Amino acid sequence: MTPVGIGRRLPRRPGPQVEPTEENAATVAHSEQPVSSPSPDAFGSRVRYAVGFGFTAAAAAALDLWLRLAVLRRYAPGHPRRIAGVERVVKAWGRTVFGIARWFLRLDVHVEGAPPATGRYVVVSNHQSSLDIPLLITTLATLDLKFVAMEQLRRGHLVISPVLRSGGGAFVKKESLSDDLVELTRFGREVGRGSGCPLIFPEGGISRDGVLRPFRLAGIEAVRRASGLPLLPVTVDGLWPAPSIKEYRRLTGARLTVRIGVPVPFETIERDPRGAYDVIESGIRSNLREIRGESESQEAGGAAALPDPADSASR
């Protein structure tokens with residue numbers, strides 16, 4: 001006798017026959033439909049996701065190990081080679097993470113404008129996803145970006161945590177505004193005396209619906225004033241359906257747009273900071289509408305122009 005479940009299949013007993021009626025017609029029809037098997041495209045997508053995430057994790061682990069052993073342990077804080085090594089790791093991490101994501105998500109990326117070839121700036125951008133950061137590192141490759149992060153990222157994250165601690169970053173807790181402003185002022189002063197370009201998300205967090213949130217001006221003004229650098233406005237769109245890595249699959253085949261604006265001189269903002277910030281915010285909002293092809297009536301007349309320094313001086 002062949003044991004049940006090893007070599008012989010038991011005959012399936014026919015279930016009770018259900019006659020379709022008006023009440024159960026939809027249920028009976030659905031139960032009679034054959035179960036569809038996953039399509040080859042769906043299976044291939046799962047494989048790409050698995051391979052992509054595996055490559056990303058392996059690359060992050062390798063970069064983290066190299067950063068700790070070949071840079072941080074070898075050179076003292078402030079050493080030029082330590083600074084250069086951290087900057088190389090940041091750019092390698094950004095290119096690798098976004099490059100892999102672009103491959104396995106099949107992203108269609110469009111860059112409008114070009115980053116300045118020279119000079120340093122406070123980069124001001126809207127924030128839609130954690131993928132914004134490697135995207136901006138890759139797009140603004142001529143700039144050495146410095147970051148403001150939540151306190152939770154100080155430890156426990158490959159590459160990110162040691163870079164933030166050792167690469168001149170800033171940590172905010174969002175518990176005490178005065179404490180955060182002290183930290184941002186310190187951050188801006190150190191960047192101003194040293195090297196790099198601070199990256200600021202003035203919305204104060206990720207926009208999970210793609211709508212630009214009102215700017216929080218105290219933080220960006222603290223960094224700008226302490227660093228003495230001009231501002232570079234940047235607009236990012238297309239990433240908001242996936243605010244974190246858990247939702248990245250929603251971006252499959254998405255079109256991403258990065259629009260790099262014109263630098264705003266320090267002196268222009270110094271004459272009328274609130275007016276300049278309002279123009280930058282409305283400009284990013286207008287860019288988002290234009291990128292998405294919304295109507296001109298929603299554009300409210302299009303993007304506003306930056307205030308003329310001569311007009312500001314005459315006030």
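Me: Before we get to the loops, what counts as a helix or a strand here?

Reply: Helices are DSSP runs of H or I with at least four residues, and strands are runs of E with at least two, numbered from the N terminus. Keep in mind that this is a predicted model. With those names, R106 sits in the loop between α3 (80-105) and β1 (108-112).

Me: Why is R106 called exposed?

Reply: Exposed means over 50% relative accessible area. R106 comes out at 53%, so it counts as exposed.

Me: And what makes its backbone worth a look? I mean the phi of R106.

Reply: Most residues other than glycine have a negative phi. R106 has a positive one, near 55°, and it isn't a glycine. You'll find that positive phi just after α3.

Me: How do you know that the span of α3 agrees with what a helix should give?

Reply: You take 1.5 Å times one less than the number of residues. For the 26 residues of α3 that should be 38 Å, and the end C-alpha atoms are 37 Å apart, so the two agree.

Me: How does the span check go for α9, residues 273-291?

Reply: Its 19 residues should span 27 Å, and the end C-alpha atoms are 27 Å apart, so that agrees. Buried residues of α9 include Y277, E281 and L288. Just after α9, G293 has a positive phi of about 75°.

How values were computed:
Residues are numbered from 1 along each chain as its sequence is written. This is a predicted model: local features need pLDDT of at least 70, side-chain atom pairs count only at pLDDT 80 or more; totals for chains, interfaces and linings use all residues. Side-chain values use heavy atoms; hydrogens and water are left out. Buried means under 20% relative accessible area, exposed over 50%, partly exposed in between (1.4 Å probe, protein chains only).
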